[in-house]
Amino acid sequence: MSDCKLSQLKFLQLRRLQRYLAAIAFTSSLLVMSLGNHPVIAQTTAYCQESEAVRQEKESLLQKALQGDTEAQNRYKQLINQQAQQLAECRDRTPPQHQAIWLRLYPCDTQPGVLDKIMDRIVSRGYNYVYIETFADGQVLLPASANPTAWPAMVRTPGTENTDLLAEAIQKAHERGLKVYAWMFMMNFGYSYGQRSDRQSVLARNFKGDTSLNVVDNASQVFIDPYNVQAKRDFYQLVQQVVRRRPDGVLFDYVRYPRGLGGASVVSKVQDLWIYSEAARQALEQRALNKKGRELIKRYVAKGALSASDVDEVDKLYPDEGEPLWQGRTPPTQEEKKVLPSAAARRPLLQLELWRLSVAHALQGILDFVALAASPVQQQGIQTGLVFFPDGNQVVGEGYDSRLQPWDRFPTSAEWHPMSYAACGNADCIAALVQRVFKYAPPEAKVIPAIAGTWGQSISNRPSLEAQMSAIERAAPQVKGISHFAFSWQEPEIENLRKSCRWK
């Protein structure tokens with residue numbers, strides 16, 4: 001088969017699954033409701049970056065201000081106010097208008113002046129948005145003394161129990177004209193959560209009963225069953241706490257299932273799917289529209305396949321029913337009659353349709369979890385964003401990419417943040433990922449690609465940020481925003497000093 005025909009076949013297969021998914025879609029609105037109750041500035045350089053002289057002047061004034069110099073304090077405050085205005089004006093006339101950087105904070109960032117230095121450095125680089133890691137690796141950026149969530153606080157140093165690092169970072173960023181997005185992992189709840197004895201039923205499981213700890217090489221990744229009510233309650237409460245800090249946006253990451261290693265990176269049979277937790281299995285069975293449908297779903301999931309005897313036995317169990325039915329299934333016209341073809345003749349189509357139902361069920365769990373998580377954010381009028389891999393929704397051979405990331409069905413009320421991290425030695429493969437997003441994205445989707453790298457030089461087989469942005473602008477001129485991963489890549493020395501409390 002030619003590459004062109006193979007590509008067309010995969011496209012049709014993906015579209016067929018999308019139609020099936022649309023047919024079984026349902027909302028989580030009732031659950032959402034129930035949970036809701038309970039110096040002169042020098043000219044900026046290209047890309048709105050400040051000159052080295054201006055950056056050094058700012059650092060000098062801050063150092064003197066921290067030592068109690070009142071005049072320096074006043075001059076420093078004036079300077080950051082002026083630079084905030086200058087940055088806004090520059091970004092208005094310099095694409096991309098939305099230029100963000102990803103930032104992880106550490107317990108040592110509670111030291112006086114450290115947040116000021118970080119935010120000043122970000123402004124100096126020409127950014128007007130910062131995505132602050134707020135929930136990741138099983139820890140939350142909330143005060144230890146005011147953390148009602150299911151996860152430990154990231155800052156637990158004695159004497160910092162009342163320190164609200166997220167709120168302080170938002171304040172420092174806003175003083176400098178930066179907008180802040182709280183960057184949160186979604187379906188990856190982290191290792192600490194996975195060790196809780198009272199949360200074992202929450203974890204996503206495959207046919208063998210494995211959790212994600214058994215199939216990924218990063219032990220911090222613990223994925224949950226998006227159909228589990230406890231998981232929904234825990235995450236909803238977490239999001240509520242975050243939005244109380246009034247970030248300008250909330251950015252959800254890990255909106256997917258785990259990616260397996262080797263051959264496990266493709267799901268090609270029902271046993272590969274993460275739908276074997278009790279909640280997910282029950283929800284799948286409830287998609288049946290008659291008793292025959294429910295019994296066949298149970299047998300298919302339990303065995304991983306249907307036999308002709310399964311079909312025959314179910315026919316005999318419920319002789320008063322016609323064809324087995326479930327959400328999204330429309331039997332062929334001739335099968336609507338009471339006289340059915342033989343069990344052996346019907347088995348292949350029934351098994352194929354049950355496979356499609358199972359995949360669509362797994363995908364719908366993600367979409368419902370997105371709707372639930374976004375609800376408290378949207379209620380506060382705060383922007384939501386969804387992070388995804390542009391190739392995470394692909395048909396692969398006879399199966400699908402194991403991440404099962406249905407980003408082409410993400411709501412357009414949220415921003416779309418494709419992680420365009422390809423590494424091929426030039427920017428062509430990076431631009432191609434962005435183009436793939438626009439191939440499937442509806443016209444109203446606001447796409448803000450994320451790219452990885454540093455200014456002025458190549459790193460990890462990726463060209464400079466300038467080269468990547470230039471390639472994206474040529475390939476997708478409609479892009480108005482972009483983000484750079486990460487502050488740690490651009491400032492590795494500062495990152496190491498911050499981790500050890502030595503950046504002063």
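Helices and strands are taken here as DSSP runs, numbered from the N terminus. The model is a predicted one.

In this model the largest pocket has a volume of about 470 Å³. Its lining is made up of 26 residues, and those nearest the centre of the pocket are Trp183, Phe185, Asp253, Tyr254 and Phe485. At least two lining residues are supplied by each of β1 (98-103), β4 (179-185) and α15 (487-490). The largest share, three residues, comes from α15. By residue class, the lining of the largest pocket comprises 14 nonpolar, five polar and seven charged residues.

Helix α12 spans residues 343-379 and has 37 residues. From its first C-alpha to its last, α12 reaches 51 Å, close to the 54 Å expected at 1.5 Å a residue. The helix bends by about 25° at alanine 373, and proline 376 follows within four residues. Of the 37 residues of α12, 26 are buried, so the helix is largely enclosed by the rest of the structure. After α12 comes glycine 381, which has a positive phi, near 70°.

Threonine 163 is located in the loop between β3 (139-140) and α6 (165-175). The relative accessibility of threonine 163 is 19%. Because buried means under 20% relative accessible area, threonine 163 counts as buried. When neighbours within four places in sequence are left aside, threonine 163 is in contact with Thr110, Pro143 and Glu168.

Methods: Residues are numbered from 1 along each chain as its sequence is written. This is a predicted model: local features need pLDDT of at least 70, side-chain atom pairs count only at pLDDT 80 or more; totals for chains, interfaces and linings use all residues. Side-chain values use heavy atoms; hydrogens and water are left out. The expected span of a helix is 1.5 Å times one less than its number of residues. The bend at a residue is the angle between axes fitted to the seven residues ending there and the seven starting there. Buried means under 20% relative accessible area, exposed over 50%, partly exposed in between (1.4 Å probe, protein chains only). Contact means heavy atoms within 4.5 Å. On a 1 Å grid over the protein atoms alone, a cavity is a set of points where a 1.4 Å probe fits but cannot get out, and a pocket is an open set with protein on both sides within 12 Å along at least five of seven lines; lining residues have an atom within 4 Å of a point. Grid points are joined across faces, edges and corners, and a volume is the space filled by probe spheres set on the points. Ala, Val, Leu, Ile, Met, Phe, Trp, Tyr, Cys and Pro count as nonpolar, Asp, Glu, Lys and Arg as charged, and the others, Gly among them, as polar.
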